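These entries record what I looked up in one structure, topic by topic. I begin with charged pairs and then turn to the sheet and the helices.

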Amino acid sequence: MDTRGIEHPGTMVKTTRIKNSVYHRRIPVTDSSRDNLYRTLSNDGCEDFYNYIDWLNLAKKPDIIILPRKGSFYYMPEDLKDTETLINLKPLNLIKDLRSFLKSIYSFLPEYSYFTGCFEDHDDRVRKSREGENNSIISTGNVKENTNNSSWMFNMIHHLFSQGFNIPITRRSSKSLLENTGFTILDITGLNGKTYFCVQKRPVLLT
(Lines give C-alpha, C1' and ligand atoms only; values in the text may rest on other atoms or scores of the structure.)
Protein backbone atom coordinates (compact mmCIF):
# COMPACT_ATOMS: atom_id res chain seq x y z
CA MET A 1 0.00 0.00 0.00
CA ASP A 2 1.24 3.47 -0.84
CA THR A 3 2.27 5.15 2.40
CA ARG A 4 3.15 8.54 0.96
CA GLY A 5 -0.37 9.90 1.05
CA ILE A 6 -1.89 12.09 -1.64
CA GLU A 7 0.31 14.36 -3.69
CA HIS A 8 -0.95 17.92 -3.64
CA PRO A 9 -0.99 19.73 -7.00
CA GLY A 10 -0.23 23.45 -7.33
CA THR A 11 -2.96 26.01 -6.76
CA MET A 12 -3.72 26.62 -10.44
CA VAL A 13 -3.72 22.92 -11.25
CA LYS A 14 -5.95 22.17 -8.27
CA THR A 15 -8.45 24.87 -9.22
CA THR A 16 -8.59 23.69 -12.83
CA ARG A 17 -9.07 20.05 -11.92
CA ILE A 18 -11.82 20.85 -9.43
CA LYS A 19 -13.67 22.95 -11.99
CA ASN A 20 -13.36 20.17 -14.55
CA SER A 21 -14.73 17.72 -12.00
CA VAL A 22 -17.68 19.88 -11.03
CA TYR A 23 -18.74 21.44 -14.31
CA HIS A 24 -17.90 18.65 -16.75
CA ARG A 25 -19.52 15.30 -16.04
CA ARG A 26 -16.89 12.57 -16.15
CA ILE A 27 -18.34 9.07 -16.20
CA PRO A 28 -15.70 6.32 -15.91
CA VAL A 29 -16.07 3.80 -18.70
CA THR A 30 -12.80 1.86 -18.78
CA ASP A 31 -12.55 0.66 -15.20
CA SER A 32 -15.38 -1.48 -13.86
CA SER A 33 -14.59 -0.75 -10.21
CA ARG A 34 -14.65 3.00 -10.81
CA ASP A 35 -17.83 2.66 -12.84
CA ASN A 36 -19.51 0.78 -9.99
CA LEU A 37 -18.36 3.43 -7.50
CA TYR A 38 -19.72 6.20 -9.70
CA ARG A 39 -23.08 4.48 -10.09
CA THR A 40 -23.34 3.79 -6.35
CA LEU A 41 -22.63 7.42 -5.42
CA SER A 42 -24.78 8.94 -8.19
CA ASN A 43 -27.73 6.73 -7.21
CA ASP A 44 -27.47 8.25 -3.73
CA GLY A 45 -27.38 11.78 -5.17
CA CYS A 46 -23.65 12.17 -4.48
CA GLU A 47 -22.08 12.69 -7.91
CA ASP A 48 -19.94 15.52 -6.55
CA PHE A 49 -18.53 13.06 -4.04
CA TYR A 50 -17.34 10.83 -6.85
CA ASN A 51 -15.74 13.81 -8.61
CA TYR A 52 -13.91 14.73 -5.41
CA ILE A 53 -12.69 11.18 -4.78
CA ASP A 54 -11.65 10.80 -8.40
CA TRP A 55 -9.75 14.09 -8.21
CA LEU A 56 -7.87 12.70 -5.21
CA ASN A 57 -7.01 9.57 -7.25
CA LEU A 58 -8.80 7.36 -4.71
CA ALA A 59 -11.59 6.11 -7.00
CA LYS A 60 -9.40 3.36 -8.42
CA LYS A 61 -8.53 1.83 -5.04
CA PRO A 62 -10.06 -1.65 -4.76
CA ASP A 63 -11.09 -1.93 -1.09
CA ILE A 64 -13.68 0.82 -0.59
CA ILE A 65 -16.52 0.85 1.94
CA ILE A 66 -19.35 3.38 1.62
CA LEU A 67 -21.40 4.47 4.64
CA PRO A 68 -24.85 5.53 3.33
CA ARG A 69 -26.20 9.05 3.45
CA LYS A 70 -29.63 7.96 4.71
CA GLY A 71 -30.71 5.35 7.20
CA SER A 72 -28.58 3.61 9.80
CA PHE A 73 -25.75 1.15 9.43
CA TYR A 74 -23.93 -1.35 11.58
CA TYR A 75 -20.42 -2.68 11.15
CA MET A 76 -17.93 -4.78 13.06
CA PRO A 77 -14.23 -3.93 13.46
CA GLU A 78 -13.29 -6.87 11.23
CA ASP A 79 -15.39 -5.39 8.43
CA LEU A 80 -12.88 -2.56 8.12
CA LYS A 81 -9.61 -4.45 8.59
CA ASP A 82 -8.75 -4.50 4.86
CA THR A 83 -10.33 -1.17 3.96
CA GLU A 84 -8.20 1.25 1.94
CA THR A 85 -10.81 4.01 1.68
CA LEU A 86 -13.87 4.66 3.82
CA ILE A 87 -16.44 7.05 2.32
CA ASN A 88 -19.02 8.60 4.64
CA LEU A 89 -21.85 10.15 2.61
CA LYS A 90 -23.77 11.58 5.58
CA PRO A 91 -22.66 15.16 6.36
CA LEU A 92 -20.89 15.46 9.71
CA ASN A 93 -23.42 18.13 10.73
CA LEU A 94 -26.13 15.44 10.89
CA ILE A 95 -24.25 12.97 13.10
CA LYS A 96 -25.37 13.45 16.69
CA ASP A 97 -22.54 11.77 18.61
CA LEU A 98 -19.88 13.01 16.21
CA ARG A 99 -16.81 12.65 18.42
CA SER A 100 -17.62 9.04 19.29
CA PHE A 101 -18.33 8.31 15.63
CA LEU A 102 -14.95 9.66 14.50
CA LYS A 103 -13.10 7.87 17.31
CA SER A 104 -14.73 4.58 16.31
CA ILE A 105 -13.78 5.10 12.67
CA TYR A 106 -10.21 5.91 13.62
CA SER A 107 -9.84 2.90 15.92
CA PHE A 108 -11.29 0.44 13.39
CA LEU A 109 -9.48 1.63 10.25
CA PRO A 110 -6.10 0.06 9.41
CA GLU A 111 -3.04 2.29 9.18
CA TYR A 112 -2.55 4.28 5.97
CA SER A 113 -6.21 3.97 5.00
CA TYR A 114 -8.16 7.04 3.88
CA PHE A 115 -11.38 8.48 5.31
CA THR A 116 -13.43 10.98 3.30
CA GLY A 117 -16.60 12.84 4.18
CA CYS A 118 -18.34 16.19 3.93
CA PHE A 119 -20.10 18.87 5.95
CA GLU A 120 -21.92 22.16 5.53
CA ASP A 121 -19.59 25.00 6.45
CA HIS A 122 -21.35 27.18 9.04
CA ASP A 123 -19.23 30.22 8.08
CA ASP A 124 -20.31 29.88 4.43
CA ARG A 125 -23.95 29.56 5.47
CA VAL A 126 -23.75 32.71 7.62
CA ARG A 127 -22.00 34.62 4.83
CA LYS A 128 -24.64 33.61 2.27
CA SER A 129 -27.45 34.54 4.66
CA ARG A 130 -25.95 37.99 5.19
CA GLU A 131 -25.43 38.46 1.47
CA GLY A 132 -29.06 37.48 0.90
CA GLU A 133 -30.23 40.03 3.45
CA ASN A 134 -28.08 42.76 1.89
CA ASN A 135 -29.29 41.94 -1.62
CA SER A 136 -32.89 42.04 -0.42
CA ILE A 137 -32.43 45.49 1.15
CA ILE A 138 -30.71 46.82 -1.98
CA SER A 139 -33.34 45.43 -4.35
CA THR A 140 -36.28 46.92 -2.42
CA GLY A 141 -34.53 50.21 -1.71
CA ASN A 142 -35.57 50.03 1.92
CA VAL A 143 -33.02 50.43 4.66
CA LYS A 144 -34.43 49.77 8.11
CA GLU A 145 -32.39 50.36 11.21
CA ASN A 146 -32.10 47.66 13.90
CA THR A 147 -34.05 45.09 11.83
CA ASN A 148 -31.29 43.47 9.76
CA ASN A 149 -29.79 41.48 12.64
CA SER A 150 -33.12 40.23 13.94
CA SER A 151 -34.25 39.27 10.43
CA TRP A 152 -30.98 37.45 9.79
CA MET A 153 -31.29 35.63 13.12
CA PHE A 154 -34.85 34.59 12.32
CA ASN A 155 -33.74 33.18 8.94
CA MET A 156 -30.88 31.26 10.55
CA ILE A 157 -33.14 29.74 13.24
CA HIS A 158 -35.74 28.83 10.63
CA HIS A 159 -33.08 27.20 8.46
CA LEU A 160 -31.64 25.17 11.32
CA PHE A 161 -35.01 23.85 12.48
CA SER A 162 -36.21 23.15 8.96
CA GLN A 163 -33.12 21.01 8.35
CA GLY A 164 -33.53 19.01 11.57
CA PHE A 165 -30.52 18.16 13.74
CA ASN A 166 -27.62 20.20 12.43
CA ILE A 167 -24.28 20.79 14.19
CA PRO A 168 -22.58 24.08 13.22
CA ILE A 169 -19.19 23.06 11.78
CA THR A 170 -16.56 25.27 10.17
CA ARG A 171 -13.37 24.39 8.35
CA ARG A 172 -11.36 25.36 11.42
CA SER A 173 -13.46 23.33 13.84
CA SER A 174 -13.55 20.30 11.51
CA LYS A 175 -9.79 20.40 11.15
CA SER A 176 -9.35 20.57 14.93
CA LEU A 177 -11.84 17.75 15.48
CA LEU A 178 -10.25 15.43 12.92
CA GLU A 179 -6.71 16.13 14.10
CA ASN A 180 -7.66 15.62 17.75
CA THR A 181 -9.14 12.27 16.76
CA GLY A 182 -5.74 11.28 15.37
CA PHE A 183 -6.18 11.72 11.62
CA THR A 184 -3.71 13.45 9.32
CA ILE A 185 -5.54 15.97 7.13
CA LEU A 186 -4.70 15.74 3.44
CA ASP A 187 -7.29 18.04 1.88
CA ILE A 188 -10.35 20.20 2.60
CA THR A 189 -12.19 21.53 -0.45
CA GLY A 190 -15.50 23.30 -1.03
CA LEU A 191 -17.67 22.07 -3.93
CA ASN A 192 -21.20 23.19 -4.80
CA GLY A 193 -22.23 24.30 -1.33
CA LYS A 194 -20.59 21.48 0.61
CA THR A 195 -17.11 21.09 2.05
CA TYR A 196 -15.36 17.78 1.43
CA PHE A 197 -12.38 16.45 3.34
CA CYS A 198 -9.88 13.63 3.05
CA VAL A 199 -7.81 12.37 5.98
CA GLN A 200 -5.50 9.44 6.54
CA LYS A 201 -4.76 7.26 9.52
CA ARG A 202 -1.00 7.18 9.96
CA PRO A 203 1.02 5.31 12.56
CA VAL A 204 1.77 7.14 15.76
CA LEU A 205 5.46 7.98 16.01
CA LEU A 206 6.89 7.18 19.40
CA THR A 207 9.33 9.69 20.84
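**Entry 1. Salt bridges**

With which residue does Asp 44 form a salt bridge? I found that the partner is Arg 69, the closest N and O atoms being 3.6 Å apart. I counted a salt bridge where a side-chain nitrogen of Lys or Arg is within 4 Å of a carboxyl oxygen of Asp or Glu. The pair links distant parts of the chain, 25 residues apart: Asp 44 is in the loop between α2 (32–43) and α3 (47–55), and Arg 69 is in the loop between β1 (64–67) and β2 (85–88).

I note the basis of these entries here: the model is predicted, local features need pLDDT of at least 70, side-chain atom pairs count only at pLDDT 80 or more, and totals for chains, interfaces and linings use all residues. Residues are numbered from 1 along each chain as its sequence is written, and side-chain values use heavy atoms, with hydrogens and water left out. Helices (H or I, at least four residues) and strands (E, at least two) are DSSP runs, numbered from the N terminus.

I then looked up the exposure of Arg 69, which counts as partly exposed because its relative accessibility is 27%. For this I took buried as under 20% relative accessible area, exposed as over 50%, and partly exposed as in between (1.4 Å probe, protein chains only).

The structure holds four salt bridges. Another of them joins Lys 61 to Glu 84, with the closest N and O atoms 3.7 Å apart. Lys 61 lies in the loop between α3 and β1 and Glu 84 in the loop between β1 and β2, so this pair ties together parts that are 23 residues apart in sequence. Are Lys 61 and Glu 84 buried or exposed? I found both of them buried.

I also recorded the salt bridge of Arg 171 with Asp 121, where the closest N and O atoms are 3.9 Å apart. Here the pair links positions 50 residues apart, Arg 171 in helix α7 (residues 171–181) and Asp 121 in the loop between β3 and α5 (122–140). Arg 171 counts as partly exposed because its relative accessibility is 36%, whereas Asp 121 is buried, with a relative accessible area of 6%.

**Entry 2. The sheet**

In which order do the strands of the open sheet run? I read the order of the five strands as β1-β2-β3-β5-β4, with mixed pairing. β1 and β4 are the edge strands, and each pairs on one side only. I treated two strands as paired if DSSP finds at least two bridges between them.

β1 and β2 pair in the parallel sense over four bridges, and Ile 66 has Ile 87 in β2 as its bridge partner. β4 (residues 184–191) and β5 (residues 194–200) pair in the antiparallel sense over seven bridges. Within that pairing, Thr 189 stands opposite Tyr 196 in β5. I noted that β4 and β5 form a hairpin with two residues between them, and that Asn 192 in the turn has a positive phi of about 50°.

**Entry 3. Helix α4**

Which residues of α4 are buried? I list Leu 98, Phe 101, Leu 102, Ile 105 and Tyr 106. They lie on the same side of α4 because they cover an arc of only 130° around the axis; the arc is that of the directions from the helix axis to the C-beta atoms. Arg 99 and Lys 103 are exposed on the other side of α4. The buried residues of α4 pack against β1, β2, β3 and α7, with contact meaning heavy atoms within 4.5 Å.

**Entry 4. Helix α7**

I found Ser 174, Leu 177, Leu 178 and Thr 181 to be the buried residues of α7. Seen down the axis, they fall within an arc of 95°, so they line one face of the helix. The face turned away from this buried side carries the exposed residues Arg 172 and Asn 180. The buried residues of α7 pack against α4, β3, β4 and β5. Just after α7, Gly 182 takes a positive phi of about 125°.

**Entry 5. Ser 113**

Lastly, I looked up Ser 113, which is in the loop between α4 (98–108) and β3 (114–119). Ser 113 counts as buried because its relative accessibility is 0%. Not counting residues up to four places away in sequence, Ser 113 touches Thr 83, Glu 84, Val 199, Gln 200 and Lys 201.
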